[in-house]
Each structure stands twice: as C-alpha cells, then as structure tokens.
Amino acid sequence: MDKKAKCLIVDDEPLAIEVLKTHLSKIDSIEIAGTACDAYDAFNFLAQNKVDLMFLDIHMPEMKGTELIKTLKNPPHVILTTAHRQYALQGYDLNVLDYLLKPISFERFMQAVDKFNAFFVSGSEVSVRRKGTNEAFLYLREKNIIHKIPVSEIVFTESMGDNLKVVTENREINIRYTISSIGDILPSDVFLRIHRSFIVATERITSFSPVSIYIGEKEFPIGTSYKEAVFKRLDYNGFINK
C-alpha cells in the first residue's frame with residue numbers, strides 16, 4: 001500500500017489509547033493523525049482534519065461514541081472499541097466496519113484493520129484480493145457487513161438500478177455498485193456480459209437459445225447488442241442472425 005491511511009483514536013482511558021498506539025506501531029499502512037479523550041474533542045478534531053479511520057470507544061462520559069457518529073455528516077470509517085459487549089451491538093446500525101472488545105489483542109486488531117484496508121485501497125464498496133496466481137476473493141460491503149467471496153463461487157451479477165446483486169452458490173449480496181465496474185474487476189476469461197443487466201460465469205451456463213442463456217432452471221435474456229459477442233464466446237455463431 002503506497003498511501004498511508006490516517007486515523008484518529010478516541011477513548012477516555014489513556015491506557016486504551018496506548019494499547020492502540022502500540023498495535024499501530026507494528027503496521028505500516030496506517031499512521032496516527034491524532035488522539036481525543038472524549039467525543040467533543042473528537043468532533044472538533046474532525047472539523048479541522050481529514051482522517052480515513054477512527055478507532056472509537058463507545059462508552060464515554062457525556063456523549064457515547066455511537067452518538068458521535070450520528071452527529072457527523074461524513075464520518076470516516078469507524079472501528080468501535082468497548083469493554084462492554086452489550087454496547088457493541090449498537091454499532092451495527094451505524095455502518096461501522098468492526099468492533100473490538102477490550103482488552104484488544106493484536107490478532108483481533110489486525111482482523112479489523114484488514115477489513116479497513118480492503119476498502120481504503122480500492123476506495124469503493126468492492127475490493128479484490130488475490131492469493132498466488134489462481135485464487136481470488138472479492139470483499140463486498142453490504143451495509144455494515146463485509147463479505148469475503150471467492151470469485152470461483154460467483155454464478156452471476158444483476159444490475160438493479162443503483163445497486164448490484166451478486167449471486168453465489170449459496171447466498172445473495174446486494175451492494176451499491178455498477179455492473180460496468182464489477183465487470184472491470186471480474187476476470188474476462190471466466191465471466192461474460194450478456195445483457196446490460198447481467199454478467200454470468202460462462203462455466204455455469206447449461207443451455208442457451210437465440211435469445212436466452214440458462215443456468216440450471218434460471219433464464220437470462222441476451223441483449224441485442226451483446227448477442228454477437230455471446231455466441232462467439234460460446235463458439236456457436238449459428239444463432240447470431242436468427
């Protein structure tokens with residue numbers, strides 16, 4: 001990662017701040033832009049400084065961390081921290097990346113940071129990671145949940161206005177993304193755009209007609225402007241002009 005992310009640590013306990021500082025000193029991708037001892041201090045800091053990530057304690061005097069998030073028009077990515085498990089659930093409705101229970105182990109800290117890095121690198125709701133030469137994963141952000149999806153499990157994607165539905169072997173995920181953008185990410189030798197609303201995994205195709213492609217019992221229309229490319233890819237050009 002060339003660009004370092006800037007973070008703000010917000011906690012009313014100095015020891016908790018020091019723990020996060022120690023963890024952050026062991027990684028190169030994030031630098032500390034500042035610290036704050038309460039929500040008001042954090043609010044004033046954010047009004048004058050841009051940060052990419054905020055480690056935010058929930059249970060603070062006068063104003064809770066969850067209340068601070070609600071006051072921000074454009075909050076940074078947030079990882080909540082708390083010593084009280086019951087408070088952590090409050091963050092799920094606020095689109096936070098993760099929450100960490102104190103005392104925060106370095107292993108658990110890195111799991112949360114990895115979620116952040118996936119989106120800081122790509123700057124969007126979708127990030128792609130590769131292991132070796134063949135295994136690729138997409139990280140898809142659906143509200144406050146980040147799904148790790150093996151590309152090999154994707155069956156098709158469907159455009160739904162401003163949203164995109166990604167369908168795998170065993171789940172459906174809805175994200176704010178465009179089908180053209182996901183088409184730029186998915187490997188072109190594995191996936192095929194057949195319609196302005198559909199991209200399918202070619203190996204999943206079980207049958208086709210002059211106007212449709214089938215994956216099992218599900219029928220997908222072939223768009224007129226995509227027909228030539230589709231049948232060329234399927235190595236059956238006899239249908240193109242029919």
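Predicted model: local features only at pLDDT ≥ 70, side-chain atom pairs only at ≥ 80, totals over all residues.
Residues are numbered from 1 along each chain as its sequence is written, and side-chain values use heavy atoms, with hydrogens and water left out.

Let's start at helix α1, residues 14–24, where A16, I17, L20, H23 and L24 are buried. (Buried is under 20% relative accessible area, exposed over 50%, partly exposed in between, with a 1.4 Å probe and protein chains only; helices are DSSP runs of H or I with at least four residues, strands runs of E with at least two, numbered from the N terminus.) Those buried residues fall within an arc of 125° seen down the axis of α1, so they line one face of the helix. The arc is taken over the directions from the helix axis to the C-beta atoms. Turned away from that buried side are the exposed P14 and L15.

Now for the salt bridges, each a side-chain nitrogen of Lys or Arg within 4 Å of a carboxyl oxygen of Asp or Glu. The count comes to seven. In one of them, R108 pairs with D98 at 2.8 Å between the closest N and O atoms. R108 sits in helix α5 and D98 in strand β5, so the pair ties together parts 10 residues apart in sequence. D98 is buried at 8%, and R108 is partly exposed at 27%.

E169 and R204 also meet in a salt bridge, 2.9 Å from N to O.
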